[in-house]
Structure formats: structure tokens, C-alpha cells
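Please work through the following exercises with the sequence and the model side by side. Each task is followed by a solution that goes step by step.

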There are 2 protein chains.
Amino acid sequence: MGLIKVFPFLLCSWFLLASAERSTYIVHMDKSFMPKAFSSHHHWYSSTLQSIKSVGLTSLDAHNPSPKLVYTYDHAFHGFSAVLSTDELEALKKSTGFLSAYPDGVVTPDTTHTYKFLSLNTATGIWPASEYGKNVIIGVVDTGIWPESPSFKDDGMTEIPSRWKGICQAGEEFNSSLCNKKLIGARYFNQGVREANPGVTITLNSARDDSGHGTHVASTAAGNYVDGVSFFGYAPGTARGVAPRARLAAYKVLWSEGSYESDALAGIDQAVGDGVDILSISLSYRNTDLYDNPIAIAAFGATEKGILVSVSAGNRGPNFATLLEGIPWAVIVASGTVDRWFAGTLTLGNGLSITGWSLFPARATVRNLTLTYNKTLSACNSTELLSEAPDGGIIVCNQSDETTDFFFLWRYLSGSNVRAAIIISEDTGILRSATFPYPGVVITPKDAKDVINYASNSADPQASIEFQQTILGTEPRPAPAVSGSSSRGPGRSYPGILKPDIMAPGVLILAAYNPYNNVARIGNNIFLSSDYTLLSGTSMACPHISGIAALLKAAHPDWSPAAIRSAMMTTANPLDNTQKPIKDMGSDYEVATPLDMGAGQVDPNRALDPGLIYDATLLDYVNLVCAMNFTREQTQSIIRSSYNCSNSSSDLNYPSFIALYDVQEKRTTLTQKFRRTLTNVGNGATTYKLKVKQPKESTITVFPETMVFQKKYEKQSYSLTIRYRSYSQTAINHGSLTWVEENGKHTVRSPIVVTQRVYND
Amino acid sequence: MGLIKVFPFLLCSWFLLASAERSTYIVHMDKSFMPKAFSSHHHWYSSTLQSIKSVGLTSLDAHNPSPKLVYTYDHAFHGFSAVLSTDELEALKKSTGFLSAYPDGVVTPDTTHTYKFLSLNTATGIWPASEYGKNVIIGVVDTGIWPESPSFKDDGMTEIPSRWKGICQAGEEFNSSLCNKKLIGARYFNQGVREANPGVTITLNSARDDSGHGTHVASTAAGNYVDGVSFFGYAPGTARGVAPRARLAAYKVLWSEGSYESDALAGIDQAVGDGVDILSISLSYRNTDLYDNPIAIAAFGATEKGILVSVSAGNRGPNFATLLEGIPWAVIVASGTVDRWFAGTLTLGNGLSITGWSLFPARATVRNLTLTYNKTLSACNSTELLSEAPDGGIIVCNQSDETTDFFFLWRYLSGSNVRAAIIISEDTGILRSATFPYPGVVITPKDAKDVINYASNSADPQASIEFQQTILGTEPRPAPAVSGSSSRGPGRSYPGILKPDIMAPGVLILAAYNPYNNVARIGNNIFLSSDYTLLSGTSMACPHISGIAALLKAAHPDWSPAAIRSAMMTTANPLDNTQKPIKDMGSDYEVATPLDMGAGQVDPNRALDPGLIYDATLLDYVNLVCAMNFTREQTQSIIRSSYNCSNSSSDLNYPSFIALYDVQEKRTTLTQKFRRTLTNVGNGATTYKLKVKQPKESTITVFPETMVFQKKYEKQSYSLTIRYRSYSQTAINHGSLTWVEENGKHTVRSPIVVTQRVYND
């Protein structure tokens, strides 16, 4: 290529660079400054943008485009998003009512037996008490929804009140007639994607779910009853959401073409405007300060309107402080395992039977086939090697020293003439993956001894494997356990409130999906789809909490979001189904800490009747934000127009405690005092006594140690002081405070954590 | 190996040969010769065998074993089977009452929407009229039964009369508690296998079905209702047998270790002794004369007891005279297609949609993938070649000139990285096979034109395929059509009665199966099982007729087996669902003849009320056998002890006509006269008029041409004369005679065939 020809290319590049200088900003405005002349916020924001067009721009540049309004927001937060040049941004900053602006960021997306595991039942407790979440609306901000999924049929649903009509504006491939008494709303927001990717073609320009993620989340929270559902024969039964009579509104903000905060903000803002009761947000964000995090800001606005916001903790675990969203006013949800084991039952010719792990997605016939084990072949590390194994038999693949990654192991086996494999492995990652493309079972090195012994010493070793086995209960592993990938506290954006708040089922959850997308594979080149699939992640845990919050909202319509959160947290269970402390899959099944799982596994029936609650008003959150050492503009970005920081306090009336020491000081001692106020939501007079489990190296002092309530709704306060002397800088010291009702059934438990402060990178 | 060491081997071989000279014989006895001193037939037969032991044997040979009794038979036929040396056989022939003996032969097996296709419905017709076959017992002589199949649950079944208790003697792996009000009996017979294979280990020494064939047949005839059944997503719905309230008794006579006539005979004999109403026999035999065919003989005995015997025609088609069982007293069943198409829907990027054939046994995701067609790659004749096709795309495989057999095509495709195939083929064999291991659709060369055109001329050709499609109705091919493999008449063992008698659905019939056996494959090394499977063959057609016969027996308990057969035959439909003559898949969709399908497709609702019937008594069959030019012993083998041949006649009162000319004579003229008697089973006085469709080159004369019946059960006779002059020696000339009720609804049709006589090899 000659030199001359380079010029147009360079010019072109330069032009693109200049063009690229324009980008989308999310702008916070103080609406109290809006002149009365403007009929609406939209009018004001448009005018503001018009005004900056004429300011500071040279008339010479005719090609320079105008600032472009992307969205205006008015419910969860005040402001707009716009495509601006840096000059225009500077001009905007001088406009009346301007608070702050930050560039639009990229959002990335983070799965029914769980109702049984959560003890939900039709006879007693929260299901009948809440009429299964009747009339509560859950807004799901996600990848949209697959309206034809049987989970969104409206059989058994009551008529929609008229105020709810008209919120189904779902776009071309999604006729509004697909909305019904279950799926009452569906909207889509992609102006942010379009601005960030000029000329992009949106393939599904509607609220239709091209991924399946949003469909999964929505059906987990509030899917209707659907009989005869399974994942290729595994987890068979009747699917249903946690709140099967709650309604759903879907806000599509995640796109296969890219996902941006401006779109997510637009979705949440609209959901608040539409009047949802619960917001379910299974999304992941970049690591930002609270005042720069649109979800944190929008969640504040939602909370102001009495909407509980449930947000997934993220899947960045298992390391310390991998939780980015430390939003004090939202419920941050960790992910745990379920008491369900997907199995292949291996039966040796000598009659010995071993339950292995399998999710092979078909009913493979592996019956009395020759079993081969020898050190060379059992490496299973190439198709060539496997061609030496007897055709049509079963091979033992010893992966206990992880010689071959599962990805390659599946490939080698699928290319062979071997009929099935027994895979010896300690890799727990396979236990949360739905990928299992070859007929086999994964067994532990401990179970493998009998297999190797039989295969090595029998004259004609044979084995059978039965697939599509679903085993419920405490065996072979207690549940729940914290999922290895669940993000761990303290929260990056604000570590002063213990996060995550609570844990819910999030490993291999069965729920509805886009019926055309790949969810399983057989062999190397055959991909399968299903109406229901198994997914893992905090994205699946979050809608469980959203659904339970909906049940609580239906049962207690007067409870604030803080009261609902308190009820879930103080009744959460720190023990697994063997009545031992919940373990952490991310740390070799060590005991989990509140930084892994918050208060513990949610227990919806107990949450229905918590006895006492830690309530919080919007003012309490204002006081907390005031104590965050933000600038006026940063503070106002969260709190919006009017606020008063005269009572700033970081001691939020929260149902958990975290004290942070500074590792940069050696042998630190730390004293931190907390004050809490409890409201009696039990029936009438009662007395509670203190029970404390001290964190290591800590002393907890509580005053008073007895609380006497004369009547319902009476409030009583106590103080708690943590005194700590550190010996190990990296320790997570944890304990709990429990108020135990005398001669009563209620126990009100709060986790306590003492650990090191984290500094953002 | 040295020379010396060979000796013991040779000695051993010699010993085995000497031992092999003993074999199992089936022996017919004239029971009227049984001395009164014997308490039972068993006692007499045992004694007869003991007596020949002491005759003609040298005392020198101490190793010579005794004659060994295998079975005694007393219900369907009189006699026994025994392991005998040739000397012992000769001695036996001199015993009192001996009729004949022949060596035991090897038996081999042949192979639910059909109820709808047969117009069975709950509102009107034979189902409600027969109470769904209530209390009728169908005996299935086959590979046994899988008692745990949901098709054999007894929900909705009435209590068993006490005379039916105790016939469940099913062996070790089949506890008698598994019998119930649906499956009232199960027995097994393998003495024949054991004698023919000394030292053999019977793996499932019980009535349990190790194959699945018997389970399929039994559930087709009388399976209970089972919801949510499919073959890997194809043919979904509620499974049910033709007579869902009939009872079943299973007689296992086919073994994975070998199948012998002596065992089959024992099973049928016991079934007759147990008192079944219908016998369903989906087995194939060697080409034998009727007097040498134990099933023909046993069927005679069964008919004597008023039991209808339904036998599969065999799967030796499509050539002329491939039907071995020309048993005049049994119903011989041909196999036809069903109005059901298993499809993959192919959609091209240009919107064109084509319905192809597919039975890929999973929900493969093939969505908007790149489509490749070019002459080289589209040969698809090696995995190496296919590696040049784009990974993850769809390849068009042009097999219209049958370059690659499907067996190899599947192998090449499965080994490739191609995601799916569009296979252009005219091979109709694929349409009755359940093997479809790779995601693809088979389309015709005609449909392929659009695909090739689009793939060749589009810039970015793409296609999608949706699997697990089940299409009902007349498209793309009218149904029924005679299956290519269905055996064709005239019957080898006796061509004088037109066989087969009737056709029933036998192509890709969904019914219960051994849940552990392979029924499908994915790729090259993954085998799948299913509780229900699709099988094809006359074995599947036969139980449809057994079930319909059960319905007719329940509705008309007084009808003889001949009356039931006549009702089915004279009402059978010679037209397909497009109201055109039924075609033959075995002859490029030419019009089928009665040698392919007998009277036509069974029509159970019409059979309920046939108007007139051609009845036959045992004496009529005796007169027919007397006319077969057999020896006295041969005749008595069939008819048993007492018979009188003074009225021998080959002109059986049968609902069909066949005239055979001798091709060894040139330009033969043939005149054959038949006499028939019809019984009015309609209500009261009626008049029928003649309608004849002449076979080619033939003249049919009928007298009278009008029959007047004054009352129910009145009989009227007519004569029919066929005059034929042959021009083409190999022609199958066919027509029909129909008695049409005046001002009435009944039409009574009989097929007529004039063709060449076949000589056995």
C-alpha cells in the first residue's frame, strides 16, 4: 500500500475520533430550580440542552451536531441523559439546576423446587397469608421477557386495576396483546445503546427477550404454575415462581448489541413511574461511587416511593470485597446452593451403587457395558488415546489431579467410540454448570476407590449408569452452601453497611427461558434448546428475594421497604439443612461468614412474623448519605433536590453490624458504637432478652440487655459497642446479636462483622 | 499348538456331534387313543416316552440319555414336544395314538394416534358400544412384558373374576404381585430354547420382556391411558391401546437366547387353556406346510374354542407371495402407514418454509445458521470433505442419486463440525425408521430446488430448522399406504384363501417398551432409551386387529371368530384419506391390491355394525382341510382326533375370493365357482343389491343379484363365478363384490383376486 493512499484513511480516522469525542452523559438536575414556565421536566431539560447549543460554539463548524437528548428521568431520579461534546458538557455545568454529570457506563448481565427448599407451602405460612403475592407488582429490569412462555399465562389471576392499563408498550415483535393479567407491562429502552453504537441495528427492537435471562428472572420471582416442566428430564415437576399470584412488568435494558447505564436508568425510572411495588435488578455494574452509580441513585428514588429494590450481589467471588454494589437502601442478594443433586446412578457389576453428578441432557442407555480402567487410558487426554479403549464400553477418566479441563475432556470423549465415562474429579465448578455433553458421571476420588478396585480386579468388569436422576435432601452435600462465585462483602461502593444482606437459592435454578436459545449440548456439534433451563448466579438469587418481598408486601401492605428487608434479615437462617453453620463452596467448605451470605439463608415463613423490625425512613438514608463525605453535588445526585444534612449520621438503623479497622495501622484497636431502634410488630406486650455471639478478638457490649414492649408498634432502642484488638490483619471476625422473646416464638438475629477496611483501586 | 494337543479337541467335537443328533421334536397325538388307565394327557405322553426308552436301545451305551419330555400340550393341540434321538423317534412312530412329528423350528419376531386415525372416539361407535373392550382378555404371545410400564397400570379396571386368578406365573425377576386387573396373566416358556442350546444361561428367566417387542404389542392392543407420552418430543399425547379396558395375558416364548416353535406352541396352548378371548401373535415362522406349522395348528385349536387368532403377515415384502402364513382360520394382518408425519420445519432466510422429514430425538437448536450448498461439498460422502464446510453451519447433502447410504451419511455428519444438514433424498425407507441421529431434515428433490436456488444465489444464505414437529392429516402423503416391507399374498402355506385378510396401522407406531433398551441414537456413540418408542412392522399392525377384535367380542359376545373377522373385512376401507385407492409404498405408490392389504384398512366403527356376515363353523374349516390333499396324519395334525372328510370342500364361506391360474399353461382360461352364505346381523327385514367391480380380463357372474332377508339372523346364499382368460402371466387382477343395502347404511364388500399360482421352492 502506497503512502498517498494512507491519507484518506488518516483523515477518516481523525474524523471518527472527533466524532467519538461526543458521548452520552447522565445528568442530574435539581428539579426545585425548574422555572414555573415549563410545563414539564421534559420541557425544561430540552430547553436546557437547546440553550447550551448556542453557547460557546463557533458558527464555522456547520457539521457539528446539536446536543441530543437520549432520555429524561423523573421518577426514581431527576435529570436526563444526552449526547454531548466536552464543550457542551462544560456549558451544561453552568446551567441552572445542574447537579452533576457522568459518562454513560456499560452494564453487563450477572434460576423450581426452591419454593420447597424455602418451606413455602399451601397449608401454612406466608403463601396463604399473602394470597401468593396477590396484586403486588414486581418490576424486572433485565433482558426483556418471552411473553409466550407458559410461566406468564394468567390463569387464576384477577383483573388488572385500570391504573395499570397502558404500561405494555413492548414494540414490534411483541404485540401488546401478549400482555395479560400476569404480565401487565413490558417496555424497552435502547437509546443508550444506539447513541454509543451509531448505526447499530437492534435485532429485536422490542421488550422481547433475546437472551432468556430476563425471562428466567421474572418467572423465578412470579411465574405462574406450569406442569410437566424439566431440564431434559432433570428437576422434573411443576414450575412456579416464589410469588405465583404477583404480577410482572418487564423493562428491557440489556441488549445483545450492548448494555448501558443510561438505558438501565431509564428502565428503573419508568418502573418507578409505572408504580411497581418491588424492583428486581439482576445486573452488574462497574465499580463506582454511589453518587456515580445510576442503580444506587435510582434505587434511592424508588425507596422514596416505598418500592423495595432487590439487587444481585454479582458473580465476582469468592475473594474478599468483590461486591461492587454496596447500596445501603437496597437488598443485596448472595447466591446459595439448593438441596437438590442432579445425578447419574452408577451401578457396578458387583452390585455396588454410587451416586455421581450428571446433567447429561438425554436418557442415555448405559447398561451392563464393559468397564475399563488403567493408568494410561484413564488420563483421557486425547481422542487418539481413547481410540485404544474398547468400543462401546465405559471408561474411567481419572481427573483427580485435573490433568484435563472439562472443556477438552468432553471433546475427546465425544469424538471417541466409548459409550460413557466415569470421571473422577474434585472440581466443584461442574456442580453449577448445565454443560454436560457426554454420557457420564462425576464422582469424588473417595468414591472412585471402589470403582478402580472393581475395574482392576474383576475378570469381566461391567457397569450401568442411569441418567436423569434428581435427588433431594441433605445428601451428598448439605445445603444451602454459599456459591463460590457469589460476590463477597464488604461492598466496594460503601463498606459502612454490611453487604450482602441475605442469601437465596442461586445455583442451578430451573426457570423459563427463550425457547430458541442454546441451553445444552450433546457431543461436539449438537446444541439443544428448552422452554425451561437451569442457570446459576446471584441473578437467580435476586428474584427469589424479590418474590419473597412481594409476598411480604401483600401480607403487610403498610410495611416500608426497610421493614420488609429487616423482616427477611433478622429471621434468616445461618444454619444449613444438617443444622450446622452454612458452608462456603468458595473456600473448601469452610464456615461461611456474613460477608459471604449476609444474615444467612432467607426464611420466608419466619419473615412473615419477625416479632421486631429495624425500620428506616427516607430521612435516615438522607442522614447516612450526608455522612458519606461527598460534595454537595455528589450528595444531591443521590438525595435529589431538597435535603438537610444537619443530622448526618453513618449509624443507620440497620439489622446488621459491621466495624472496619485500618490494616495500615499495626495492632489497631477499634471501638465502634451503634444505636438501634426496634419496633414491635408482634401482637401486644412482650419482653426480649439479649443473646450475643462474640466475634473473635472482640468484645460486644449491649445496653439494655432486656427490652420490654407494652404494645404493638412500640419502639425501644439499644446501644451496641464493639471493642476490637487486631492480631491478624486479614481476619473476618464474625458473630451475632439475637433478641430472644421470653416465652415466645420470635428471635431477632443480626450478624456482626469486624474486618479490615478496603481501599478502592 | 502341537499335534498331540489336537486330539482331545477332536474327541470333544465328535462327542458334541453325537450329542447333537438328539433334537427336539413336536409330536402330534390322537388323544382318542388315550387308554382310560391314564389320569391325564401328561401321564399318557410321559408313559409313551418311557416305553420307547426300553425299545431298540442297546444296553451297552450307558451314556445315552433318555428321551426327554419338553412340554405336553392339550388345549390348542394334542401332543407333546420331546428331545429324541432318531432311533427314539422311529420307536415313537409305532406308539399307539401317534399322528406325526416334526423337528422344532426357530421362531423370529417381526415388529398412539392410531386410535384417532381409526376414528375411535368416546362419543359414538365401537368404543362406547364395547365399553372399550371391558372384560375381554387378549393373550399376547411374544417376548414377554415389562410389567412396570404405565400402560399396564389397572386404573379404571374392574375386579378380575376368580377363574382368572393364578395365571400369573411369571418367574424370578417378575414378582406375581406385578400382575393386576389389567395385566392378569404372565407366563414364560423356554424349555425349547434350553433343549436346543444345552447349557445355555437364560438371562431373564421370567415373563419379563428383555426386548420390548412384546410390551409394545401388548400396549398397542390394550394399554391403559397414559398422559404425557412421546418419542423424544415426537407424537406427543396420551397413549392408549385400541381396547383400553380389555385385559392382557402375556406369554413369553421369544428369547434373546433363541426362539423355538416348541416354546411358541407351549405359550399358545397355555393361553387357550387359560381361556383368553383373543390371541395376538406377532411372530414370523419358517416357510412350512400348514400341518407342519405349530401356529397354524394351535390357531385351529384356538378357533375351536372360539378364540380369534390375529397373526402378523410378516415383513418380507414387497414381492409377490412373500407371505408365509396363509392360515385360513386366522386373521392375517398387513401393515399400513398412519396419517402422521414427523417433521423438521426448515425456514430459509428468504422466508420460505419447507416441511421435511425428521426424527432427530432432541430439541436441536438450529437458528439462523449459514447455509452451504455446492456440488462438491454437498456429496457429504466423508468427514474429511465436510471439514471444508463452514463450522457451525447447515450443509445441504444431495443424496437424490443415493450416493451415500444413510448409515454412512449419519456417521460423516456426526463427526463433522457442521451443526445441521438438509438431506435431499427419495429413499422412503427413512420414513419408517426411528434412527435419525443427527440434526437434519430429509426433503424431496422437488422441494430441494428452492433450497438450492436460495443457497446458491443469496449473498448470505441462512436457514433455521425446528425439530419435534408432528403433523397430522393428508399431507404430505395420503394415508394409509401399504408399508413396503409388509409381506404380500398369496399365502405360501395355503394360497386358496386370499391372504393377507386386512390392513392396520404398522408404521412408526408409538407404544410402551423396555425402558432400558436402546431406541434412538445421537451422533456416533450416544444411545438413548425411552418408556415409549416408535416401531414399524406387521408386528405393530397385528395388535391393532387384536384390539379391534376384542372390542367386537365385547360388543357382540355371541359372535364366532369367523363372524368377527367377516365384520372387519367386509367393512374395511379400500380408500385412503384423500378418498382415492390405497397406494403401495413398495411399488412406487401404485394402487395397492388385495394381495398387499387384503380387504383394505380396518374400520372398527363400521365393523361394529356390518349388516351381513360370512360365518364359518369348525366343520367348515375341517371340510377345507380335508380338501387340501394332505395325508390322514397331516390332516389329523391340524384337526386333531376326530374328523370326517365326507364333505371336503375348498370353498370356505370366506369374505374374500381368490382364483389362481397356472402360469405353466399358456393362455390359460380359468373358471372357478364359489358359493357363499350371508347371515343378516342387521335389525330385521332388509334387501341387498349386488355391485361388482370386475378384475381385468375377468368376468364375474353372481346369482342372485338381490338378496332379501325377512328377519335378523336369516341366512341367504349366492354363487359367484370367475371366468378368466390370461394375457399377462404375472398380472394381479383384482376387483370386488359389494352387497349394498337398499335404503340402508350397510355395504358388505369382498375383494376378488385372480392371479397366478405360486409353487413352493
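This is a predicted model: local features need pLDDT of at least 70, side-chain atom pairs count only at pLDDT 80 or more; totals for chains, interfaces and linings use all residues.

Residues are numbered from 1 along each chain as its sequence is written, chains are lettered from A and ligands numbered from 1 in the order in which they are written, and side-chain values use heavy atoms, with hydrogens and water left out.

**Exercise 1.** Determine how chain B is related to chain A.

Solution. Superpose the copies by least squares on the C-alpha atoms of residues with pLDDT of at least 70 in both.

**Exercise 2.** Describe the contact of chain B with chain A.

Solution. With contact taken as heavy atoms within 4.5 Å, 30 residues from chain B and 30 residues from chain A take part. Buried area is the accessible area (1.4 Å probe) that two parts lose on being put together, summed over both; here the chains bury about 2200 Å² between them, 47% of it on carbon and sulfur atoms. Arg363(B), Tyr516(B) and Asn525(B) supply 32% of the area that chain B buries against chain A, more than any other three residues. Because 100% of the interface residues of chain B are also interface residues in chain A, the copies meet through the same surface.

**Exercise 3.** Work out which strands pair with β18(B), and in which direction.

Solution. Strands (E, at least two residues) are DSSP runs, numbered from the N terminus, and two of them pair if DSSP finds at least two bridges between them. Strand β18 (residues 366–372) of chain B is joined by 3 bridges to β22 (residues 462–472) of chain B, and these run antiparallel; Val366(B) stands opposite Ile465(B) in β22(B). A further 2 bridges join β18(B) to β19 (residues 394–398) of chain B, and this pair runs parallel, with Ile394(B) as the bridge partner of Leu371(B).

**Exercise 4.** Give the strand order of the open sheet of 4 strands in chain B and identify its edges.

Solution. The order is β31-β33-β37-β35 (chain B), with antiparallel pairing. The edge strands are β31 (612–613) and β35 (698–703) of chain B, each of which pairs on one side only.
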